[in-house]
2 protein chains.
Amino acid sequence: MKKCIKCDHVDGLKRAGFIRGKQRYYCRHCAIHFVYPDSEAKTKKNTHATIQDVAKYLGVSISTVSRALNDKTDINLETKKAILEAAKELDYHPNLLAKSLHDGKTNIIGVILPDVVHPFFARVLAGIQNIASKSQYNIIVCHSDEKNETEIKNIENLISFKVDGILMSHTKNMIDSNHVKNAIKKGIPVVQFDRVFDELDIPKVVSQDVKGSFDLVEHLLNQGCRKIAIMLGPKDLDISNQRLKGYLAALQHFGMEINPEYIVYSDISENDSKEAFNYFINLENPPDAIFTVFYSHSIEMMSIAKSAGIKIPEALAFVSYGDDSLVEFFEPSLTVFNQFPISMGETSMNILLDIIKFKTELSAKTHVLDGKLIIRNSSLRKSSN
Amino acid sequence: MKKCIKCDHVDGLKRAGFIRGKQRYYCRHCAIHFVYPDSEAKTKKNTHATIQDVAKYLGVSISTVSRALNDKTDINLETKKAILEAAKELDYHPNLLAKSLHDGKTNIIGVILPDVVHPFFARVLAGIQNIASKSQYNIIVCHSDEKNETEIKNIENLISFKVDGILMSHTKNMIDSNHVKNAIKKGIPVVQFDRVFDELDIPKVVSQDVKGSFDLVEHLLNQGCRKIAIMLGPKDLDISNQRLKGYLAALQHFGMEINPEYIVYSDISENDSKEAFNYFINLENPPDAIFTVFYSHSIEMMSIAKSAGIKIPEALAFVSYGDDSLVEFFEPSLTVFNQFPISMGETSMNILLDIIKFKTELSAKTHVLDGKLIIRNSSLRKSSN
DNA sequence: CTGAAAGCGCTAACAG
DNA sequence: CTGTTAGCGCTTTCAG
């Protein structure tokens with residue numbers, strides 16, 4: 001309760017406008033006008049001003065300040081104006097931690113990426129950020145760095161941060177999803193993208209992995225290739241199976257035989273492409289086309305092939321999945337199935353926000369994003385198309 | 001104060017071990033052993049267990065739980081064990097918001113990047129993450145997307161989050177640093193990297209921009225090039241000046257004349273490289289070497305040059321700054337001055353952590369990271385080197 | 001229209 | 001060794 005600065009009486013006190021932004025009071029007993037003396041608030045350096053500082057500074061209560069700052073209706077316009085000015089004066093910034101603690105939501109989304117450097121994931125992240133910044137959400141980026149233990153720790157961490165939701169793509173050899181179930185049990189909505197766990201009953205956003213492979217293989221067949229080898233990603237990844245499925249489907253659909261020798265997996269390690277290339281080329285019956293799941297593999301293989309004097313695409317064609325705007329500048333330019341990772345990020349984030357906003361039950365729906373076959377010189381043997 | 005479950009007496013009560021993980025009590029009045037009935041804690045779904053839940057569950061006080069969880073010494077080992085088990089049982093995760101609110105530090109570092117997709121910044125981010133994950137820090141990534149207003153908002157946002165520090169690289173045309181000063185005034189340590197503001201009195205981490213340009217130009221001169229053009233980044237960027245400085249220094253050092261026509265700036269927009277290339281090539285006295293600050297510009301220009309039948313490097317050599325492992329696979333492979341962005345991220349983060357840890361005054365020291373000239377075919381006219 | 005007070009989850013100082 | 005309590009900054013009843 002406010003007291004008169006002179007007589008300490010608490011009754012005869014009433015507000016009497018503002019003076020230099022500060023609440024002025026009038027005491028009937030003493031018949032004086034006065035303002036409360038400045039608190040130290042304003043001079044405090046190296047520290048964050050709080051709602052309290054603003055309140056003291058003006059001689060009003062913290063709830064009044066809170067109301068002004070949050071644009072509530074039940075507040076005197078003059079008071080509000082003074083508070084807003086004072087807040088600016090003291091360079092007040094709300095403490096989001098306190099706010100979050102109070103209302104049980106943080107406006108933070110946790111994003112777990114296996115590899116920040118990979119252009120694909122970097123683009124997905126950009127897409128996520130696009131939506132986030134529009135919707136006032138913040139992003140905590142966790143880098144699992146393709147390590148299972150790190151991914152598990154990341155989830156624990158995000159749970160501790162009480163994030164409002166999680167967007168994730170798994171490490172290349174994650175085979176267990178208990179850590180994700182943990183988060184879900186706590187009511188944190190999770191959306192998976194690209195590398196997903198089929199067994200989890202949550203939304204998933206993937207690209208047309210079956211169709212992409214199908215289209216690439218179909219294109220190669222159209223170009224006259226008959227011995228098409230494929231270098232997949234890690235065997236544990238669901239996405240590898242999807243892509244293999246498309247490859248097999250296309251071959252079967254066009255009545256081609258399947259040669260198990262032409263199918264290899266990669267663990268995304270240093271010399272993968274070199275080894276795979278040597279393996280392929282030294283087969284008794286070497287392929288006339290190589291389909292790699294990562295475009296960097298194709299690029300590296302093409303480089304080896306060229307220096308070995310192998311004609312591309314005549315003797316050996318190359319196709320891949322692709323995400324980088326520069327792939328068209330390699331020599332020869334690379335045919336890819338483009339997945340539009342930015343829109344994958346945007347879609348995932350939109351779905352997550354929907355769930356948060358409407359408290360939708362997590363529907364396990366899988367969203368398949370359209371991709372596009374982009375034909376370039378690494379596979380173009382006929383001028384027809 | 002605990003009461004006997006039967007007689008409500010508060011005196012004759014004492015602990016008597018644990019039973020199925022729960023604190024057991026003995027009441028002298030009633031001569032009975034008992035445990036307090038389960039709170040609802042365990043059955044609560046869709047919610048985060050708190051320290052309170054654990055306390056109730058075991059019938060101990062919250063401070064005891066806190067002590068157990070924080071590995072304090074003054075606690076009975078048996079009690080501690082029971083608490084730890086109960087915490088696991090209830091799937092307790094500490095609430096980092098509450099913790100942060102209490103002790104005034106968040107263990108969050110804010111990172112502001114102008115472009116997440118650019119391989120350079122993606123790598124810097126990876127470097128930052130490397131150190132962060134080792135030091136138990138979390139990263140909030142803000143994407144300014146090359147927009148000044150967004151960068152300013154990002155800072156405000158990070159201030160509100162009470163982050164422990166900020167790592168940032170400015171947008172390409174940021175000319176004012178008041179937003180950064182704001183954060184600094186509040187005692188938030190800020191470290192700038194790559195695109196820095198010289199006027200700010202804080203640590204900066206940059207690559208050898210002067211030396212890089214010098215080395216590239218020197219190399220071109222060694223190769224017999226005499227008319228070296230340069231395509232810089234945005235004019236407002238300090239880094240553009242640094243790189244121009246190196247270019248000019250090399251030319252002067254080797255007694256070459258400087259032709260202002262050979263110096264252009266880029267605003268990193270869609271058709272930049274095409275326009276610049278056409279401009280250069282149509283000069284009365286066109287250059288015999290082009291030095292671009294972004295390797296993507298060189299790649300695109302080389303592509304145009306090749307299709308125009310211009311021989312690289314004989315008629316026109318190319319060099320650039322570079323960050324991507326794939327640049328060696330372009331045809332011809334590109335000579336670059338490599339900046340090692342990952343170590344830039346690591347260094348920046350280490351410096352920031354040092355400041356946080358030792359409350360070092362922000363020394364305005366500029367840390368220049370070593371880069372390395374990597375000579376490839378785009379500029380190699382003589383077999384000598 | 002404004003103020004007082006409770007509570008979000010946690011830690012630490014202070015008693016016992 | 002353990003419990004009580006205050007307080008971090010904020011919002012939100014509930015009273016005036």
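Predicted model: local features only at pLDDT ≥ 70, side-chain atom pairs only at ≥ 80, totals over all residues.

User: Which kind of peptide bond joins E331(A) and P332(A)?

Analyst: The bond that joins E331(A) and P332(A) is a cis peptide bond, and its omega is about -5°. A cis bond also leads from I312(A) to P313(A), with omega near 5°. P313(A) is found in the loop between helix 11 and strand 12 of chain A.

User: And what is the phi of K162(A)?

Analyst: Phi of K162(A) is near 55°, which is a positive value in a residue other than glycine. K162(A) belongs to the loop between helix 6 and strand 6 (165-168) of chain A.

User: Let us turn to the sheet of chain A. In what order do its six strands come?

Analyst: The order is 10-9-11-12-13-15 in chain A, the sheet is open, and the pairing is mixed. Strand 10 (263-265) and strand 15 (372-374) of chain A are at the edges; each has a single partner strand, so one side of each lacks a neighbour in the sheet. From one strand to the next, the twist averages 15°.

User: What holds paired strands together in general?

Analyst: Strands of a sheet pair through backbone hydrogen bonds, in either a parallel or an antiparallel manner.

User: How many bridges join strand 9 to strand 10 in chain A?

Analyst: Three bridges join strand 9 (residues 228-232) of chain A to strand 10 of chain A, and these two strands run parallel. Within strand 10 of chain A, Y265(A) is the bridge partner of L232(A).

User: Where does helix 10 of chain A lie?

Analyst: Helix 10 (residues 272-281) of chain A lies across strand 9, strand 10, strand 11 (289-292) and strand 12 (317-322) of chain A, and it runs at about 155° to strand 9 of chain A. Helix 11 of chain A also packs on the sheet, where it touches strand 9, strand 11 and strand 12 of chain A. The direction of helix 11 makes about 155° with that of strand 12 of chain A.

User: Now chain B, please. What is the strand order of its open sheet?

Analyst: The open sheet of chain B has six strands in the order 10-9-11-12-13-15, with mixed pairing. Strand 10 (263-265) and strand 15 (372-374) of chain B are the edge strands, each with a single partner strand, so one side of each is left without a neighbour in the sheet. Neighbouring strands of this sheet are turned against each other by 15° on average, direction ignored.

User: In which sense do strand 11 and strand 12 of chain B pair?

Analyst: Strand 11 (residues 289-292) and strand 12 (residues 317-322) of chain B pair in the parallel sense over four bridges. F291(B) has V319(B), in strand 12 of chain B, as its bridge partner. Helix 9 (residues 238-253) of chain B packs on this sheet and touches strand 9 (228-232), strand 10, strand 11 and strand 12 of chain B.

User: How many residues of each chain are in contact where chain A meets chain B?

Analyst: There are 51 residues of chain A in contact with 51 residues of chain B. The area buried between the two chains is about 5000 Å², and carbon and sulfur atoms give 63% of it. In chain A, H48(A), L97(A) and K186(A) lose the most area to chain B, together 14% of what that side buries.

User: K186(A) has been mentioned; which residue forms a salt bridge with it?

Analyst: D91(B) forms a salt bridge with K186(A), and their closest N and O atoms are 3.2 Å apart. The count between chain A and chain B is four salt bridges.

User: How many polar contact pairs cross the interface, and what classes of residue are on the side of chain A?

Analyst: The rule finds 18 residue pairs in polar contact across the interface of chain A and chain B. The side of chain A that touches chain B has 25 nonpolar, 16 polar and 10 charged residues.

Note on methods. Residues numbered from 1 in each chain as written. Chains lettered and ligands numbered in written order. Heavy atoms only, no water. Contact = heavy atoms within 4.5 Å. Buried area = accessible area lost by both parts, 1.4 Å probe. Salt bridge = Lys/Arg side-chain N within 4 Å of Asp/Glu carboxyl O. Polar contact = N/O pair within 3.5 Å; in protein donor to acceptor, adjacent residues only side chain to side chain. Nonpolar A, V, L, I, M, F, W, Y, C, P; charged D, E, K, R; others polar. Pairing = 2+ DSSP bridges. Axes fitted to C-alpha atoms, helices over the stretch in contact; angles between N-to-C directions.
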